[in-house]
Number of protein chains: 2
Amino acid sequence: MPASERKKREYVQREDLIIHTARKLLLDMGYLDLNMDRIAEVTEYSKGTIYQHFSCKEEILVAMLSESAEKAGKFLLRGSDMKGKPRERMAAMAVGYDLFVGLNPDHFKAQLLVQNESIMRKASPVLQRKLEGCNQRNMHIVSGVLRDAVAEGHVKLKEGVTAEEVTFGLWTGALGAYVLMSSEVNLNALGVTDPRKAVWDNMHALLDGFGWRPLSKELDYEQTRGRILKEVFPQESAQMGMA
Amino acid sequence: MPASERKKREYVQREDLIIHTARKLLLDMGYLDLNMDRIAEVTEYSKGTIYQHFSCKEEILVAMLSESAEKAGKFLLRGSDMKGKPRERMAAMAVGYDLFVGLNPDHFKAQLLVQNESIMRKASPVLQRKLEGCNQRNMHIVSGVLRDAVAEGHVKLKEGVTAEEVTFGLWTGALGAYVLMSSEVNLNALGVTDPRKAVWDNMHALLDGFGWRPLSKELDYEQTRGRILKEVFPQESAQMGMA
DNA sequence: CCAAAAAATTGACGATTAGTCAATTTCTGT
DNA sequence: ACAGAAATTGACTAATCGTCAATTTTTTGG
């Protein structure tokens, strides 16, 4: 790595360029056609220089995913900072995540691949741990809101159930759903015409099931959703045409 | 394809051999080290013969996944055939699926990859459609039980919510969870010590949230689970050491 | 400002592996 | 037994990963 400050800045900048190029290529052509020669060509650096930054193709994927996981974290954080009851804040995080996914269609394409151990294993331990850190932080943001709800007496978890396990449920529901949406599975043929709405509905059913007040029959979460879009994510929801 | 009956049988048998070899290699060495030369070597056929059956590496993956999706369907079916209330039958399907995943650890490794459009796209339309058919059938088995519950008045879905959307929720929860479990994500570090139990708990919370009777506070589903293991999947649960 | 050393950059190269196809072997019907 | 069809083979081409010796650029010290 370069020593001088200016060099270091340029180095970081180039790293960004590589990641963003790879992201674009992944989205345009898919994993199998994403290759180092092309990345070198598009970034206008040589292959050797690319390898100065990343030890292999898969490492770029992990870096890419880390970056977008961090971005997702910002959306979650903004959701969790909303003024309101914990369950409304949870809803805001769901809306935020949904917006994040819509605005970063490459995220789940990368996630799907990086989830594969044989691909993940090729990345350096440093980047592996960085990504794990992101996931951990993001999960913590979500479980924090749940813990607030417990502390304020809005929900009482059964004996032996932890906030992390419930958060895991929220995470897996979202993960599975967005994975399916970003893949080639024909949800329409399966009778799921509006998967994003289904995710929203199912999340509320899950939270209702845990007895997290106010239950969806006690509060109109559709209205809350409108408020979240307007107050927390005005710019993003406009960008997604959800005004 | 061969004309005579015996030849045809042998052809199918060899196709199985190829799939099973690929399955084993995928599990042992991961996707990146799964290669056609190795498959040819292990099956003791030449590469050309392998390509007689499958147009590319990815096609083998899709065939592999189709096969195990069919197998999963059998577990679901057995669960849905259990004597009892629809919600117990749903629980039986969840237990069955969990057993299936435990007994077929390669399934989600393949699923993860095949979910990726760039990999899926390389397979032939025939196999693509076959897999889609499996998914459709499996989803239909699950939503069928839900429809039974609706018909018998055990649950009333809200206006605008279909059985398919709820099934989608069950599916995505399970998919996301097993994907994470079969990947390198360190769930323990995230505070999830028993993800399989979490999946079970979260499913019940979801069904409770939809108001599907009997609710988990009205019936001891732990006991139901014991009965399912004993009555529906005695052999498999013993094999998994869940007696 | 210059020269020597250090650092960064390059792309040709070796190695691996996907997929093809002409040559060979095996099978089938008469 | 034999001709022709079908199946099988593995050497070959092409693509692409990752390396590294040669080259260019930058920095340093006088």
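## Contacts with DNA strand D

A polar side-chain atom of A:Lys122 is 2.8 Å from a phosphate oxygen of DNA strand D, a polar contact being a pair of N or O atoms within 3.5 Å, where within protein one must be able to donate a hydrogen and the other to accept it, and residues adjacent in sequence count only if both atoms are side-chain atoms. A base oxygen of DNA strand D lies 2.6 Å from an N or O atom in the side chain of A:Lys47. From chain B, a polar backbone atom of B:Ser46 is 3.1 Å from a phosphate oxygen of DNA strand D.

A residue is near a strand if one of its heavy atoms lies within 4 Å of it. There are 18 residues around DNA strand D, and A:Asn35, A:Lys47, A:Tyr51, A:Lys122 and B:Thr49 come nearest. Of the atoms of DNA strand D that come within 4 Å of the protein, sugar and phosphate account for 61%. Helix 2 (36–43) and helix 3 of chain A and helix 3 of chain B each supply at least two residues of this surface, with helices taken as DSSP runs (H or I, at least four residues; strands are E, at least two) numbered from the N terminus. Helix 3 of chain B provides the largest share, three residues. By class, the surface near DNA strand D divides into seven nonpolar, five polar and six charged residues; Ala, Val, Leu, Ile, Met, Phe, Trp, Tyr, Cys and Pro count as nonpolar, Asp, Glu, Lys and Arg as charged, and the others, Gly among them, as polar.

## Contacts with DNA strand C

Sugar and phosphate make up 64% of the atoms of DNA strand C that come within 4 Å of the protein. Polar side-chain atoms approach phosphate oxygens of DNA strand C at 2.9 Å from A:Thr49 and at 3.1 Å from B:Tyr51. The backbone takes part through B:Lys57, a polar backbone atom of which is 3.2 Å from a phosphate oxygen of DNA strand C.

At least two residues of the surface near DNA strand C come from each of helix 3 (47–53) of chain A and helix 1 (5–29), helix 2 (36–43) and helix 3 (47–53) of chain B. Helix 3 of chain A gives the most, with three residues. This surface holds six nonpolar, five polar and seven charged residues.

## Interface of chains A and B

In this model, 60 residues of chain A are in contact with 60 residues of chain B, contact meaning heavy atoms within 4.5 Å. The size of an interface is often given as the accessible area lost when the parts come together. Here the buried area (accessible area, 1.4 Å probe, that two parts lose on being put together, summed over both) is about 4,700 Å², and carbon and sulfur atoms give 65% of that. In chain A, the residues losing the most area to chain B are A:Gln115, A:Phe168 and A:Leu190, together 14% of what that side buries.

Two salt bridges are found across the interface of chain A and chain B, the rule requiring a side-chain nitrogen of Lys or Arg within 4 Å of a carboxyl oxygen of Asp or Glu. B:Lys109 forms a salt bridge with A:Glu117, with the closest N and O atoms 2.9 Å apart. Between chain A and chain B, 12 residue pairs are in polar contact (both at pLDDT 80 or more). Several helices of chain A each supply at least two residues of the side that touches chain B: helix 6 (107–114), helix 7 (117–120), helix 8 (125–151), helix 9 (163–182) and helix 10 (195–209). Helix 9 of chain A gives the most, with 13 residues. That side has 27 nonpolar, 19 polar and 14 charged residues.

The same surface serves both copies, since 100% of the contact residues of chain A recur in chain B.

## Architecture of chain A

Chain A comprises 12 helices and zero strands. Its C-alpha trace spans about 60 × 45 × 35 Å along the principal axes. Over all chains the structure holds 32 salt bridges. One of these joins A:Glu67 to A:Arg23, the closest N and O atoms being 2.6 Å apart. The pair links distant parts of the chain, A:Glu67 in helix 4 (residues 57–80) and A:Arg23 in helix 1 (residues 5–29), 44 residues apart.

## Conventions

Residues are numbered from 1 along each chain as its sequence is written, and chains are lettered from A and ligands numbered from 1 in the order in which they are written. In this predicted model, local features need pLDDT of at least 70 and side-chain atom pairs count only at pLDDT 80 or more, whereas totals for chains, interfaces and linings use all residues; side-chain values use heavy atoms, with hydrogens and water left out.
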